Amino acid sequence: MACVTVGDFEIAHIQAGVYWWDGGAIFGVVPKVLWGKKTAADESNRIALAFNCYLIRTGGHTILVETGGGDKMDARSRERMKLPPAAEPLPAVIARHGFDPESIDLVVNSHLHWDHCGGNTILTGGDASLPAAPAFPRARYFASRAEWEHAHERLLRDSVSYIDSNYDPLVDAGRMTLVEGEHEIAPGVWMRHAPGHNRDMMVITAASGGQTFCFFSDLVPTAAHVQPTWVAAFDLYPLVTIESKLRWLAAAAEGNWICGFAHDTELGFARIAVDPRTRFAASAVAAR
């Protein structure tokens, strides 16, 4: 576990597990001869990806950004992703990292794909037929209303990414706030629109004392994806992703922000370096 200080905020990186997914899907049209230099693939062409979460302690709030993959995947899916047969509850993971899960009073999801909000809720007795309970009973949850509405459209292209029990029980119980557009969930902590991966995805920024942390979510899922044209095949709007990446990576480089990636297994915190010849993001270097 790594921690950084951003002004008056303390931010901890919590890796809630690792899963394996097809490298071609993660890197889209980028050939393996290039992405293979960044990350190794197994015999099935899968690469390791992390469920990265971030805990932001502001003094007034303890905010959890993302909740990982959760416990809703069936046995066949877990085997395909090389996940253990049963998921460790996220509160237990957080406690193992040295933090009190009961202190979490705000939870924010960048979007509602299963691998970003699966730990929002816990199945009662592991039974999918029973209502899922909030994993963090004291917390208020936040997600984009437009993203929640999209999840219920059941589109062929991406419906498999959404599992209603990760969020609908929270909405029904009045525990999840569905925000309209960009939203400040606590002083200095914002959900900011960054479309491309899907229409309504958010990045999360936390600013204090002239410093900024930015969680890129799936806009830049790993450090290898800082190259603007390295876009996952999952992205619904790849050209929009490139535009969003150029804007957000430029801001991160110019502001010397500390940044977090959704799925990088090695780099918990990074700063963005720019190639002066192209003025585009060139690499992510570990933040100190």
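Guide: Gladly! This is a predicted model, where local features need pLDDT of at least 70, side-chain atom pairs count only at pLDDT 80 or more, and totals for chains, interfaces and linings use all residues. Residues are numbered from 1 along each chain as its sequence is written, and side-chain values use heavy atoms, with hydrogens and water left out.

Visitor: Which residues does K72 touch, not counting residues up to four places away in sequence?
Guide: Contact means heavy atoms within 4.5 Å. Leaving out residues up to four places away in sequence, K72 touches G118, T121, I122, L123, A132, I163, S165 and N166.

Visitor: Is K72 buried or exposed?
Guide: Buried means under 20% relative accessible area, exposed over 50%, and partly exposed in between, with a 1.4 Å probe and protein chains only. K72 has a relative accessible area of 16%, so the label for K72 is buried.

Visitor: How are the rings of Y54 and F269 arranged?
Guide: Rings of Phe, Tyr and Trp (its six-membered ring) pair if their centres lie within 6.5 Å; planes under 30 degrees apart count as stacked, over 60 as edge-to-face and the rest as tilted. A search of the whole structure finds 12 aromatic pairs. The centres of Y54 and F269 are 5.5 Å apart and their planes stand at 70°, so this pair is edge-to-face.

Visitor: Which residues form one aromatic cluster with Y54?
Guide: Y54 is buried, at a relative accessible area of 0%, and F269 is buried as well, at 5%. The residues that form one aromatic cluster with Y54 are F213, F215 and F269.
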